[in-house]
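I opened this notebook page to look up charged side-chain pairs and open space in one model. My entries follow the structure shown here.

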Amino acid sequence: MGQLLIRNIPDDVLDAFRHRANSEGIATETLARRVIAQTASRPDVKAAIARMRELRAMTPAPLSSEFNVIRDLRDGDDTGD
């Protein structure tokens with residue numbers, strides 16, 4: 001397994017991190033491993049947004065709302081647009 005050394009962590013951030021680990025009853029190193037693993041396993045937000053945009057572009061335009069359909073039928077236009 002690899003190792004990671006992180007330098008120049010602000011004292012207040014490190015204190016808060018140590019406090020969090022202590023409140024969870026685990027070692028600071030264990031908490032650091034968990035946080036890194038959770039962060040690394042998250043999907044890339046920018047890539048996910050780009051994929052959603054691609055899918056949206058491939059999706060046909062939504063159908064007219066029921067209000068428009070009713071209005072069109074009432075006014076004699078049976079296309080539903």
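For exposure I take buried as under 20% relative accessible area, exposed as over 50% and partly exposed as in between, with a 1.4 Å probe and protein chains only. I note that this is a predicted model, in which local features need pLDDT of at least 70, side-chain atom pairs count only at pLDDT 80 or more, and totals for chains, interfaces and linings use all residues. Residues are numbered from 1 along each chain as its sequence is written, and side-chain values use heavy atoms, with hydrogens and water left out.

Entry 1, salt bridges. Side chains of opposite charge can pair when their charged atoms come close. I looked for salt bridges, meaning a side-chain nitrogen of Lys or Arg within 4 Å of a carboxyl oxygen of Asp or Glu, and the structure holds 4 of them. One of these joins R20 to E24, with the closest N and O atoms 3.2 Å apart. I looked up the exposure of both partners: R20 is partly exposed at 39% relative accessibility, and E24 is partly exposed with a relative accessible area of 39%.

I take helices as DSSP runs of H or I of at least four residues, numbered from the N terminus. R33 forms a salt bridge with E29, and their closest N and O atoms are 2.5 Å apart. The two residues lie 4 residues apart in helix α2 (residues 28-41), so about one helical turn separates them. E29 counts as exposed, at 52% relative accessibility.

Entry 3, helix α3. E54 and R51 meet through their side chains in a salt bridge of 3.0 Å, N to O, and because they are 3 residues apart in helix α3 (residues 45-58), they are separated by about one helical turn. E54 is partly exposed at 43%, and R51 is partly exposed at 42%. I also checked E54 against R42, which is 12 residues apart from E54 along the chain, and found 20 Å between their C-alpha atoms.

On a 1 Å grid over the protein atoms alone, a pocket is an open set of points where a 1.4 Å probe fits, with protein on both sides within 12 Å along at least five of seven lines, and lining residues have an atom within 4 Å of a point. The largest pocket is lined by 16 residues, of which L4, I6, E29, A32 and I36 lie nearest its centre. Helix α2 gives the largest share of this lining, 6 residues.
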